[in-house]
Amino acid sequence: MVYSVKTFNNINQIGLKELGNQFQIDGDKADNPDAYIIRSQNLHGVDFPSNLKAIARAGAGTNNIPIDDATAAGIVVFNTPGANANAVKEAVVASILLSARDYIAANAWVNTLSGDDVPKQVEAGKKQFAGTEIRGKKLGVIGLGAIGSRIANDARRLGMTVFGYDPYVSIEAAWNISHHVRRVKDIKEIFANCDYITIHVPLTPDTKHTFNKEAFNLMQKGTTVINFARAELVDNAALFDAIEAGVVKRYITDFGSEELLNKDKVTVFPHVGGSTEEAELNCAIMAGQEIRQFIETGEITNSVNFPNVHQVQTAPYRITLINKNVPNIVANISTAVSNLGINIDNIINRSKGDYAYTLIDLDEEDKSKIDILVAEFEASDNIVRVRLIAK
Ligand SMILES: NC(=O)c1ccc[n+]([C@@H]2O[C@H](COP(=O)([O-])OP(=O)(O)OC[C@H]3O[C@@H](n4cnc5c(N)ncnc54)[C@H](O)[C@@H]3O)[C@@H](O)[C@H]2O)c1
């Protein structure tokens, strides 16, 4: 069996080798692929092909994918958490230093000089770029996931006092955060206390405009705000008022929009935080591994719309279902299996919201019986996707 993968954007070819030889990369020509591997391709308003079972986003953010529509269509959406975290961390550390010393303006000024006495002019004019050091300054990190936790730890090593805010921090991330990072329970403590504030949360209705008028009102004068997460986390109108009032010393972001360009005290980068050679390779490798594991074994790792599911297959057949999370569904599935006289070797049912993923290993060699069961599941209104995987 050869599976078709449609790639969008420029996915690193070495990473795609992770798919192995059961997969054919059909670039953007595939008409009914089994899986997509994408980067920032916008899938909103685009119909999913009927055969599409999985989408892997080579990157962390998935707001270019209509997740609820994908779930309802029985498509598992993956991302590659942490694969570009080191790249973004380094960009943020650079941004903290750029704000402290204003190297960009200093370099631009030096380039305006001319004449035999440039060294003299440099000495006479350099005072305006004296800047400050980051050692001993307070950094607030909002969101202590893959990126935020790395920044918090490294900023500590650079001598900063670090405050972290994340009410939903994962156990894995929490293990990795230095005990020197001060966890705060109220985001207001970050706004009120820190010289530098950086945000690393997903964009959701809850996090949209985290930096709003109220937040800026709590800040002390001269605060640097760094946003390498998503544009809409900051209310730009409130930001401009805060810059005007001297509350925000500098806003550094990876997300450009016309109103932010060529503004005093605003530094915009062209969404390059996660775009190092290493990060792109890591993301493609991880995306390839996730798709291969899911298609070949039915196991799920790093999905944003279904829980992780891992189970080694020892039985001859495995059926995976994406089903509505309705009462008695597991009992009905088990009854359908036992009515055909088939033994269940193992069953896992994990739900997330209105849908669930069910993996059933069947101790049955007779393929004709398995086919009848698959047909029954396919006919059920509560089951949106059925896959059969032979060992
Ligand atoms: N600029 C870039 O190139 C680039 C690259 C990668 C990621 N990103 C952005 O950075 C974001 C973070 O990436 P990550 O890899 O660290 O993700 P992650 O999932 O590892 O971490 C996100 C953290 O945010 C926390 N969080 C969620 N809601 C919160 C809230 N309301 N308040 C405080 N914390 C909250 C979560 O608990 C989690 O720990 C992504 O969602 C993406 O938008 C940007």
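This dialogue goes through some features of a predicted model.

Student: What should I know about the numbering and the values?

Tutor: Residues are numbered from 1 along each chain as its sequence is written, and side-chain values use heavy atoms, with hydrogens and water left out. The model is predicted, so local features need pLDDT of at least 70 and side-chain atom pairs count only at pLDDT 80 or more, while totals for chains, interfaces and linings use all residues.

Student: Which residues come nearest to the ligand?

Tutor: A residue is near a molecule if one of its heavy atoms lies within 4 Å of it. Here 25 residues are around the ligand, and Ala146, Ile147, Asp166, Asp254 and Gly274 come nearest.

Student: How do the residues of that shell divide?

Tutor: Ala, Val, Leu, Ile, Met, Phe, Trp, Tyr, Cys and Pro count as nonpolar, Asp, Glu, Lys and Arg as charged, and the others, Gly among them, as polar. The shell holds 14 nonpolar, eight polar and three charged residues.

Student: Is asparagine 79 buried or exposed?

Tutor: Buried means under 20% relative accessible area, exposed over 50%, and partly exposed in between (1.4 Å probe, protein chains only). Asparagine 79 counts as buried because its relative accessible area is 10%. Asparagine 79 sits in the loop between strand 5 (76–78) and helix 3 (85–101); helices (H or I, at least four residues) and strands (E, at least two) are DSSP runs, numbered from the N terminus. The asparagine 79 side chain reaches the backbone oxygen of alanine 60 at 2.9 Å.

Student: How many salt bridges does a search of the whole structure find?

Tutor: A salt bridge is a side-chain nitrogen of Lys or Arg within 4 Å of a carboxyl oxygen of Asp or Glu. The search finds eleven. One of them joins arginine 39 and glutamate 280, at 3.1 Å from N to O. This pair links distant parts of the chain, 241 residues apart: arginine 39 is in the loop between strand 3 (35–38) and strand 4 (54–57), and glutamate 280 is in helix 11 (residues 277–297).

Student: Why does arginine 39 count as partly exposed?

Tutor: Arginine 39 counts as partly exposed because its relative accessibility is 22%. Glutamate 280 is also partly exposed, at 29%.

Student: What links aspartate 154 with lysine 89?

Tutor: Aspartate 154 and lysine 89 form a salt bridge, with their closest N and O atoms 2.7 Å apart. Aspartate 154 belongs to helix 6 (residues 146–157) and lysine 89 to helix 3, 65 residues apart. Aspartate 154 is buried at 19% relative accessible area, and lysine 89 is buried at 11%. Lys89, Asp154 and Arg157 are linked in a network of salt bridges.

Key:
Polar contact = N/O pair within 3.5 Å; in protein donor to acceptor, adjacent residues only side chain to side chain.
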